[in-house]
Amino acid sequence: MTGNPTTDRDVVVIGAGAAGLMCALKAGARGRGVLVLDHANKVGKKILMSGGGRCNFTNIHSTPEHFLSANPHFCKSALSRYTPWDFIALVEKHGVPFHEKKLGQLFCDRSSKDIVSLLLAECEAVGVEVRTHSPAEIEQLGPPHCLKVDSETIHCESLVIATGGYSIPRMGATGFGFDLARSLGLAIQPTRAALVPFVLEGRKLDQIEGLAGISVDTASEASGATFRENILFTHKGLSGPAMLQVSSYWQPGEPVTIDLLPDLDLVQHLRNARRQRPRTHLKNVLVEHLPRRLVQRWCELWLGDRPMAEIGDEEIANIAGHLKPWRVWPADTEGYRTAEVTLGGIDTDALSSKTMECRDHPGLFFIGEVVDVTGHLGGHNFQWAWASGHAAGQVV
Ligand code: FDA
């Protein structure tokens, strides 16, 4: 008699990204029979494209305060049991050269490929099978769970969903995990693009015309969260680390507040300049601290340009008001097309913070970005992927 092949596995992980591969290698190391399925043509595509091709794989200062979640306590358990130093030890074990760029952000010296290679080597060493081009269909939740993969039927005791979020659909992102959660009646915290550039429209976009490519050190704020990082003017609006960071907090219709001179008491500085160099033009005072093109534009739009001696106290206050802070009302963000992560996701109330297992569905686990835990820019999102993958990998 012929029929579709049926196989049994201890663990099936759907999604061969950072979280899925970490979970697989940890479960494999415990002697579990693990199969990882990914519908894409390559594993770890986001790892490969991350950090400008050098993968900012962790952050040595990562703490629970670097994560957004409806329940800020949820991430603590997993993060405390798999720290940046644990991942660094793995990187060192494989002889991958790396460096700290800034603010505790660790990058590969050579290429993100080193991180994918080390994860695959670890998986191989413990007998994990990784299949690409393999979209999975869940036929029935168990345990045992029953999956259909092409014409094969697979039963497993533990099913791990590590399919990530919606960001960068062309890299294989799908709403698989969210759809499954919804079909099971699990709550989902509203999802939206985060760590994403802002788009300006109309007059606001015209105001920054000609500034694309300029980068400025700022203190940028949205909804009470402030980041001391650079902004980057683009042809569409604003990007750069400061803007990506505040995009995770920004609410549509709200302004983003950008202090363009965070280290300067501008009012005092302009008063001093007026006293000490009365014939110097405002523009020339400002270009000592800001890019010339930006100063030029600000003078055309708002500040004017006269000798300091002609500028009264009220006008100085007005000038400072356009720079400290500059308030911008973004029309939107660039959305999932360019977002590094998806904010929101599966409500953590549905999961055990220790194991990532679904409270109402034994043997079903959600890890990584699909869960409502979103890190700041700078290696924190991978740290969450490693830590949540490790937590599940201990028990699946
Ligand atoms: P991830 O998205 O990595 O993996 C999910 C996997 O599931 C994918 O392989 C996908 O193909 C697969 N999949 C989806 N649907 C499926 C289905 N239906 N069936 C089968 N497989 C399916 N973070 C950081 O800490 N440092 C950094 O430097 C960067 N840089 C960066 C740059 C860019 C451009 C992006 C887009 C993102 C980053 N990030 C980052 C964020 C980081 O990449 C992200 O947080 C992690 O990759 C999330 O890991 P996961 O394993 O949860 O999902």
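Visitor: How far is the backbone N or O atom of Gly-51 from an oxygen atom of the ligand?
Guide: First, this is a predicted model: local features need pLDDT of at least 70, side-chain atom pairs count only at pLDDT 80 or more, and totals for chains, interfaces and linings use all residues. Residues are numbered from 1 along each chain as its sequence is written, and side-chain values use heavy atoms, leaving out hydrogens and water. For the Gly-51 backbone atom and the ligand oxygen, the distance is 3.2 Å.

Visitor: Which residue has a side-chain N or O atom 2.5 Å from a ligand oxygen?
Guide: Glu-340 puts a polar side-chain atom 3.4 Å from a nitrogen atom of the ligand. The 2.5 Å pair, with a ligand oxygen, belongs to Asp-38.

Visitor: How much of the ligand's accessible area does the protein cover?
Guide: Accessible area comes from the Shrake-Rupley method with a 1.4 Å probe. On its own the ligand has 1000 Å² of it, and the protein covers 93%.

Visitor: Which helix gives the most to the shell around the ligand?
Guide: The shell holds 30 residues (a heavy atom within 4 Å of the ligand), with Ala-19, Asp-38, Thr-174, Glu-369 and Phe-382 the closest. Helices are DSSP runs of H or I, at least four residues, and strands are runs of E, at least two, numbered from the N terminus. α1 (18-29), α2 (45-49) and α13 (380-393) each supply at least two shell residues. With 3 residues, the top contributor is α13.

Visitor: Is α4 roughly parallel or roughly perpendicular to α5?
Guide: Axes are lines fitted to C-alpha atoms over the stretch in contact, and angles run from 0 to 180 degrees between N-to-C directions. The axes of α4 (84-93) and α5 (113-125) come within 10 Å and cross at roughly 90°. Since 65 to 115 degrees counts as roughly perpendicular, under 35 as roughly parallel, over 145 as roughly antiparallel and the rest as oblique, α4 is to α5 roughly perpendicular.

Visitor: Which residues of α5 meet α4?
Guide: Contact means heavy atoms within 4.5 Å. From α4, the partners are Phe-87, Leu-90, Val-91 and Lys-93. They meet, in α5, Ile-115, Leu-118, Leu-119 and Glu-122.

Visitor: Which residue does a cis peptide bond join to Pro-144?
Guide: Pro-144 lies in the loop between β8 (136-140) and β9 (145-149). A cis bond with omega of about 10° joins Gly-142 and Pro-143. Another, with omega of about -5°, links Pro-144 to Pro-143.

Definitions and conventions. A polar contact is a pair of N or O atoms within 3.5 Å; within protein, one must be able to donate a hydrogen and the other to accept it, and residues adjacent in sequence count only if both atoms are side-chain atoms.
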